[in-house]
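This report describes one protein model, from its domains to a few single residues. Please look over the sequence and the structure before reading on.

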Amino acid sequence: MVYCLLPITGRSERGVSSRALCRTPMVETIENRGLKMLNHIAVVGGSLAGLRTVEALRREGFEGRITVIGAEDELPYDRPPLSKQFLVDDWEEEKLALARNGVEELKADWMVGCAAESLDVEAKRLKLADGTHVEADAIVLGTGARPLRLPFGEGLEGVLALRNLADARRLRGAIANAPRVVVVGAGFIGMEVAASCRQKGLDVSVVESLPAPLIRGLGSRLGERVAKRHREEGIVFHLGVTIDGFEGEGQVTGVTLSGGETLPAELVIVGIGATPATEWLEGAGLEIDDGVLCDATGSTGHEGIYALGDCARWLNARYPERPRFEHWTSAVEQSNVVAQRIMHSETEAFAPVPYVWTDQFNLRIAIAGEIQEGDEMHVCLGSIEEDRFLALFGREGRLAAAVGFKRPRQLNGMRRKMAEGEGISFADAVAEHAES
Ligand SMILES: Cc1cc2nc3c(=O)[nH]c(=O)nc-3n(C[C@H](O)[C@H](O)[C@H](O)COP(=O)(O)OP(=O)(O)OC[C@H]3O[C@@H](n4cnc5c(N)ncnc54)[C@H](O)[C@@H]3O)c2cc1C
């Protein structure tokens, strides 16, 4: 079957505006020199990146066979509520479903509960855990990430991490029975889970090796502000401290800090980051270095093999160090690009400004760009004290990042400006909000 390729239809989701962000030059591809023969596309990873890729392929006019191979026993569900509404408001699982009108209308074969074990890039052939093989004309890798583990606590009851629905079910059950929780790691997930546990009435302590929470996402000043809000709610922080081990036999009873102090706890939640789920690709011949290395359109450099979402690191003209964004919006935006790359005769290099949000207590925070210690900060449209403002971060004269505390519209406006061409100067961004 030969597919003639159709124009792009734009879509809008939280923080997403794929068309507006694609303004960098075309990438020359093998595929774009002519029409392709595509009968069958396999997508590995049946979650956000995988589902949105299938949706985008169908939107782009692909009518052939699609097989989705997903390790989890679930159809695609949304992860962000797992650390928030699923714990605090006891959301029904049905509310997590990601497919807007069910997966049926996508007319794809969903293989759930079946992990891919290896990939032959030349033959475009996958070996699955049940011993079967799937061969396709193009393969999209969206296997996400898995939580990093501590070198101790393995097998101890009450020591949990949060990445998937099965983890969230366990955590919800544990929260109902544990009066005291220690959260290890004060990144986004750790801080969200800490807030959720506190809202469920638990005594919550947070242990973090850095001097403030959320430093990597928000910088120390705003991270400290979020900590203040948590403290007002009764959460206790142990900052600049590492942990030496866990107490308890069979069931955790406490956490020992590097200074010798022990924090009693029936529940420990480890949120120290995640690593890309790419070990099954070892030996496949792909370039892997903290994620599958891809060009600015998701191609791995092996014809017909693409990667996206949390498991991939794309080239990005704005960020020479090629960061791996573990953000919901990145996975969605990249899915549009990969579908275009597979289907269209022309593909634009993607150079997005990253976007991530977090909800903790009544703080709704969104971040565009990347903050570094040493960035100049200018606060406008409110004040830090009232927890409603826009903070602009300047580096080398450019607007490097913006943070909105309950300022979603203005934050999205700044993100758009940062994504236009060379971006916007810090002085212009500040001047734009001078009256506020
Ligand atoms: C608790 C939580 C809260 C979050 N909150 C936010 C938020 O507020 N804002 C935000 O921007 N981002 C948030 N994120 C991040 C966001 O959810 C991720 O960036 C997004 O899910 C990435 O999508 P993905 O499809 O690349 O990976 P995933 O969603 O991790 O999906 C990958 C899928 O691939 C499967 N898989 C792995 N290996 C294999 C294999 N070998 N074979 C087959 N299948 C495989 C996995 O089981 C999984 O189902 C949150 C993440 C978590 C875990």
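The model is a predicted one.

**Helix H2**

Just after H2 comes Gly-61, which has a positive phi of about 105°. H2 itself has 12 residues, and the distance from its first C-alpha to its last is 16 Å, close to the 16 Å expected at 1.5 Å a residue. Of the 12 residues of H2, 10 are buried, so the helix is largely enclosed by the rest of the structure. Among these buried residues are Leu-48, Ala-49, Arg-52, Glu-55 and Leu-57. The cover over the buried residues of H2 includes strand E1 (40–44), E2, strand E7 (138–141) and H7.

**Domains**

The domain assignment divides the protein into domain 1 (2–146 + 274–348), domain 2 (149–270) and domain 3 (362–432). The centres of domain 2 and domain 3, taken over C-alpha atoms, are 29 Å apart. Nine residues from domain 2 and 10 residues from domain 3 take part in the contact. On the side of domain 2 that touches domain 3, there are three nonpolar, three polar and three charged residues.

Helix H5 covers residues 188–199, and its 12 residues should span 16 Å at 1.5 Å a residue; the C-alpha atoms at its ends are 17 Å apart, which agrees. In H5, 11 of the 12 residues are buried, so this helix is largely enclosed by the rest of the structure. The buried residues of H5 include Phe-188, Ile-189, Met-191, Glu-192, Val-193 and Arg-198. Just after H5, Gly-201 has a positive phi of about 95°.

In soluble globular proteins, nonpolar side chains tend to be buried together. The largest nonpolar core of this model has 69 residues, and Val-268 and Ala-402 have the most contacts inside it. H5 gives the most to this core, with seven residues. Leaving out residues up to four places away in sequence, Ala-402 touches several residues, including Ala-368, Leu-390, Phe-393, Leu-411 and Met-414. A second, separate core has 47 residues, including Leu-38, Phe-62, Trp-314 and Val-332.

**Single residues**

| Residue | C-beta neighbours inside 10 Å | Class |
|---|---|---|
| Asp-89 | 12 | exposed |
| Arg-322 | 15 | partly exposed |
| Phe-361 | 19 | partly exposed |

Asp-89 sits in the loop between helix H3 (85–88) and strand E3 (109–112). From Asp-89 to Glu-303 there are 214 residues along the sequence and 46 Å in space, C-alpha to C-alpha.

Ala-419 belongs to helix H8 (residues 408–419). Ala-419 and Arg-364 are 55 residues apart along the chain, and 22 Å separate their C-alpha atoms.

Most residues other than glycine have a negative phi. Which value does phi take in Arg-322? Arg-322 has a positive phi of about 55°, although it is not a glycine. Arg-322 is placed in the loop between strand E20 (312–314) and H7. Phe-361, also a residue other than glycine, has a positive phi near 50°. The loop that holds Phe-361 runs between E21 and strand E22 (363–369).

Technical notes: Residues are numbered from 1 along each chain as its sequence is written. This is a predicted model: local features need pLDDT of at least 70, side-chain atom pairs count only at pLDDT 80 or more; totals for chains, interfaces and linings use all residues. Helices (H or I, at least four residues) and strands (E, at least two) are DSSP runs, numbered from the N terminus. A residue is buried if 20 or more other C-beta atoms lie within 10 Å of its own, exposed if 12 or fewer, and partly exposed in between; C-beta atoms are placed from the backbone. The expected span of a helix is 1.5 Å times one less than its number of residues. Domain bounds come from an automatic or database domain assignment. Two residues are in contact if their C-beta atoms, placed from the backbone, lie within 7 Å. Ala, Val, Leu, Ile, Met, Phe, Trp, Tyr, Cys and Pro count as nonpolar, Asp, Glu, Lys and Arg as charged, and the others, Gly among them, as polar. A nonpolar core is a set of buried Ala, Val, Leu, Ile, Met, Phe, Trp, Tyr and Cys residues joined through C-beta atoms within 7 Å.
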